[in-house]
Amino acid sequence: MITAIVLIDADVHQIPETAQAVADIPGVEEVYSCAGDVDLIAKIRVRDHEQIAEVVTGKINRLPGVRHSATHIAFRSYSSSAVEGGFSIGEE
């Protein structure tokens, strides 16, 4: 599986509706409304790069409330337990 993180700038008057529309797209696992440089962050998990293109350019970027998006492909994932375990190697 390929994981992509999509940072989305949305129309300020349509953020909740846009977030729900993004969340309803197959391949989108989670959508977060957040403060900061972007309005929404979507986590996408699909089988191949072709599907990322379909989800992002074919679906997300065509939604009425989406003004701009930037997609980041994940190389690896780390959980908090994996990160903590890495720091305790060799400790007793």
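Me: What counts as a contact here?
Reply: Contact means heavy atoms within 4.5 Å. Keep in mind that this is a predicted model.

Me: Which residues does V55 touch, leaving out those up to four places away in sequence?
Reply: V55 touches I25, P26, V28, I44, V46 and I60.

Me: Why is V28 called buried?
Reply: Buried means under 20% relative accessible area. V28 has 11%, so V28 is buried.

Me: Where does V28 lie, and what does V28 touch?
Reply: V28 lies in strand β2, residues 28-33. Beyond residues up to four places away in sequence, V28 touches V22, A23, A42, K43, I44, V55 and I60.

Me: Which members of the largest nonpolar core touch the most other members?
Reply: This core has 20 residues, and I8, V22, V28, I44, V55 and I60 touch the most other members. The elements giving two or more residues to it are β1 (2-10), α1 (15-23), β3 (40-46) and α2 (49-59). β1 gives the most, with five residues.

Me: How do you know that the buried residues of α2 line one face of the helix?
Reply: The buried residues of α2 are I52, V55 and V56. Seen down the axis of α2, they fall within an arc of 80°, so they line one face. They pack against β1, β2, β3 and β4 (66-73).

Me: What makes D48 a cap for α2?
Reply: A side-chain oxygen of D48 lies 3.2 Å from the backbone nitrogen of E50. The cut-off for a polar contact is 3.5 Å. The pair is within that cut-off, so D48 caps the N-terminal end of α2.

Note on methods:
Residues are numbered from 1 along each chain as its sequence is written. This is a predicted model: local features need pLDDT of at least 70, side-chain atom pairs count only at pLDDT 80 or more; totals for chains, interfaces and linings use all residues. Side-chain values use heavy atoms; hydrogens and water are left out. A nonpolar core is a set of buried Ala, Val, Leu, Ile, Met, Phe, Trp, Tyr and Cys residues joined through side-chain atoms within 4.5 Å. Buried means under 20% relative accessible area, exposed over 50%, partly exposed in between (1.4 Å probe, protein chains only). Helices (H or I, at least four residues) and strands (E, at least two) are DSSP runs, numbered from the N terminus. The arc is that of the directions from the helix axis to the C-beta atoms. A polar contact is a pair of N or O atoms within 3.5 Å; within protein, one must be able to donate a hydrogen and the other to accept it, and residues adjacent in sequence count only if both atoms are side-chain atoms.
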